[in-house]
Amino acid sequence: MLLRQFTRAPNNMNLIRRIATNAILKNQTVTTNIDYNQLVLVDVNDKNGYATVTLNRPPVNSFNLELMMALSRALDQVERNNSRGMILTSIIPNIFSTGFDIRELYQADERRLREFWSVLQDCWFKLYGSTYPTAASINGHNPAAGCFFALCCEYRAMVRNSKLGISGARLGISIPLPMIYTMRSVISTRQTELALTTGTLFTSDDALKVGLIDDIATDRSDAFAKCEAFLDRFKDIPPVSRGYTKRSVRQKDMEEIAANRQRDTDEFVRAVLNPEAQSSFAAFLGK
Ligand SMILES: CCCCCCCC/C=C\C=C\CC(=O)SCCNC(=O)CCNC(=O)[C@H](O)C(C)(C)COP(=O)(O)OP(=O)(O)OC[C@H]1O[C@@H](n2cnc3c(N)ncnc32)[C@H](O)[C@@H]1OP(=O)(O)O
């Protein structure tokens, strides 16, 4: 492959220490001894300048705080390297992500939960608000939060026989505003309401029909190739004005979410800690 690994941070321990120090200053949970560079891999194609951001937390790429932090750092890397475009994908053959790690939510420590949400918000701003072109190569099942990240991208190709959607309603989780805005930026308000209130997981055919994905792929390399073909559409478009236009289209959503960060965090914490949701998590984990 033509992919090369981005140069690793010169001193990984310094970065981890800096994150830990920031966390202490902000009175947040400290996570140490985590190799963030391994949880999310960032590679760049020398020929076309596209970065590939690959979720790498087997067995199912469920999002705990550490994976979320790794994604946040990976998006910083893509931004810093002035990539011509970015493809978000997963290393696991038949799974893109299974959403939030239920173990992160069950009997959660409130401080860690708040930090988890805060990093998720950062990821949203970085991905939804990115000026470079973005595409999601959905190589397998993608319920819940992984679907959310895919919807932040400008294009989605998904392999056949996978399921995609936001299943939160089934777990007794009320769906936060940023999720609603993000889905509404892709499909109609009517379809968004239906999808979110029923917790529908769409087959690839149905996802295509409703507009949640742009293409069905035969396998993961076809999905990836389709994403590259999408990014190629911007090859001759001046990137600065393109990026400005994309930001302008998304600006209103971003301003509203920025103005309500604290309220959203409080609502998330309340939603996760509510007894109905906690018993769903317990049932999922067989407790
Ligand atoms: C600005 C701020 C913006 C904020 C907006 C936020 C928007 C967020 C949007 C939505 C959020 C929703 C909340 C969630 O994400 S809750 C998680 C919901 N996820 C699910 O319900 C998916 C559950 N998983 C499955 O349905 C299956 O795993 C499937 C994806 C179909 C794959 O099936 P299969 O290949 O058969 O794999 P297994 O089910 O056997 O799984 C293997 C083991 O992994 C464990 N597992 C799976 N998912 C999770 C998970 N989410 N958390 C923790 N553990 C998980 C599973 O139990 C198996 O474990 P074991 O081998 O020990 O039995």
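In this predicted model, helix α12 gives the most to the lining of the largest pocket, with 6 residues, where helices are DSSP runs of H or I of at least four residues, numbered from the N terminus. A pocket, on a 1 Å grid over the protein atoms alone, is an open set of points where a 1.4 Å probe fits, with protein on both sides within 12 Å along at least five of seven lines, and its lining residues have an atom within 4 Å of a point. Local features need pLDDT of at least 70 and side-chain atom pairs 80 or more, while totals for linings use all residues. Residues are numbered from 1 along each chain, and side-chain values use heavy atoms, without hydrogens and water.

**The pocket**
- The largest pocket has a volume of about 790 Å³, which is the space filled by probe spheres set on grid points joined across faces, edges and corners.
- Among the 39 residues that line the largest pocket, those closest to its centre are Gly99, Phe100, Ala144, Ala145 and Ile173.

**The ligand**
- The ligand sits in the largest pocket, meaning that more than half of its atoms lie within 2 Å of the pocket's grid points.
- The ligand is surrounded by 25 residues, each with a heavy atom within 4 Å of it.
- Helix α5 (110–128) supplies the largest share of this shell, 4 residues.

**Polar contacts (pairs of N or O atoms within 3.5 Å)**
- A backbone N or O atom of Thr98 lies 2.9 Å from a nitrogen atom of the ligand, and the backbone of Ile102 likewise places an N or O atom 2.9 Å from a ligand nitrogen.
- A polar backbone atom of Phe100 is 2.8 Å from an oxygen atom of the ligand.

Definitions and conventions: A polar contact is a pair of N or O atoms within 3.5 Å; within protein, one must be able to donate a hydrogen and the other to accept it, and residues adjacent in sequence count only if both atoms are side-chain atoms. Helices (H or I, at least four residues) and strands (E, at least two) are DSSP runs, numbered from the N terminus.
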